[in-house]
Amino acid sequence: MPLIIETIVTTVSPEGKLHLVPFGLIREDDAPEAEAYVLAPFRPSPTIENLQARPYFAASSPRDIRVIAGAVTGRRDWPTEPCEAIPGRRLADSFGHAEFEVASVQDDDQRPRFRGRIRHMAAHAPFIGYNRAQAAVLEAAVLSTRLHMLEPAKILSEMTYLAIAIAKTAGPREREAWGWIEDKIAAALGPDARILGREDR
């Protein structure tokens, strides 16, 4: 079973506009190391359009979990820096990043697969691990992108469980990120979808 790594992927449009989005980067163990990573966006996607025009992307591991929560709630203006080996930019505040050139494309009507060839990798800060609240924000962010696919009862059940980690271990950044996600879910499902009140954030 392939390993899926939650990252921030950046691509650039033909006009030079940066697109920043959370993505599960697929690592295939049976592929050569230099080409073991696959990006598989669902159509329609600006990422697909950008990769077709400019076949490069960067994947970064954010130090601030708000980047992931922000990107799925319309907050995409996070600091970036120029890439080293490809024409593009990567997330500035990251534990590390990798830069890829698209080596091949497996086309598909629903989800094409872009296999990346590593052009550059770098570590920027020590990574000891995420705490429970950061992991909960990550899971809630993914859940918030499935509102059109899952039953409301399933979403509320998952959010209720994840909220336990927020209540127990979240700091200010995690609580802010959680609030953004709850706002998004409440806008779709109604105010009763809020698990933690604003006074608890």
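1. In the UniProt record, an unreviewed entry, the feature "domain: DUF447" is placed at residues 6–121 and 131–182. The structure discussed here is a predicted model, and the two segments of that feature are described in turn below.

2. Over residues 6–121 the chain is 12% helix and 47% strand, with the end C-alpha atoms 16 Å apart, whereas over residues 131–182 the chain is 81% helix and 0% strand, with the end C-alpha atoms 20 Å apart.

3. Six strands close into a barrel, in the order E1-E2-E3-E8-E7-E4, and their pairing is antiparallel; neighbouring strands of this sheet are turned against each other by 40° on average, direction ignored.

4. Helix H1 (residues 46–53) lies across several strands, including strand E1 (3–12), strand E4 (56–62) and strand E2 (18–27), and runs at about 90° to E2.

5. The largest pocket has a volume of about 800 Å³, and among the elements that give two or more residues to its lining are E1, H1, helix H2 (66–71) and helix H3 (132–144). E2 gives the most to this lining, with six residues. The lining holds 27 residues, of which Pro22, Phe23, Phe42, Thr145 and Arg146 lie nearest the centre of the pocket, and it divides into 16 nonpolar, six polar and five charged residues.

6. The second largest pocket has a volume of about 330 Å³; of the 21 residues that line it, Ile5, Thr7, Ala59, Ser60 and Ser61 are the closest to its centre. E7 gives the most to this lining, with five residues, and the lining residues divide into 15 nonpolar, five polar and one charged.

Key. Residues numbered from 1 in each chain as written. Predicted model: local features only at pLDDT ≥ 70, side-chain atom pairs only at ≥ 80, totals over all residues. Heavy atoms only, no water. Pairing = 2+ DSSP bridges. Helix = DSSP H or I, 4+ residues; strand = E, 2+ residues; numbered from the N terminus. Axes fitted to C-alpha atoms, helices over the stretch in contact; angles between N-to-C directions. Contact = heavy atoms within 4.5 Å. UniProt positions renumbered as here; feature names shortened; annotations may be inferred. 1 Å grid on protein atoms, 1.4 Å probe; cavity = no way out; pocket = protein on both sides within 12 Å on 5 of 7 lines; lining within 4 Å. Points joined across faces, edges and corners; volume = space filled by probe spheres on them. Nonpolar A, V, L, I, M, F, W, Y, C, P; charged D, E, K, R; others polar.
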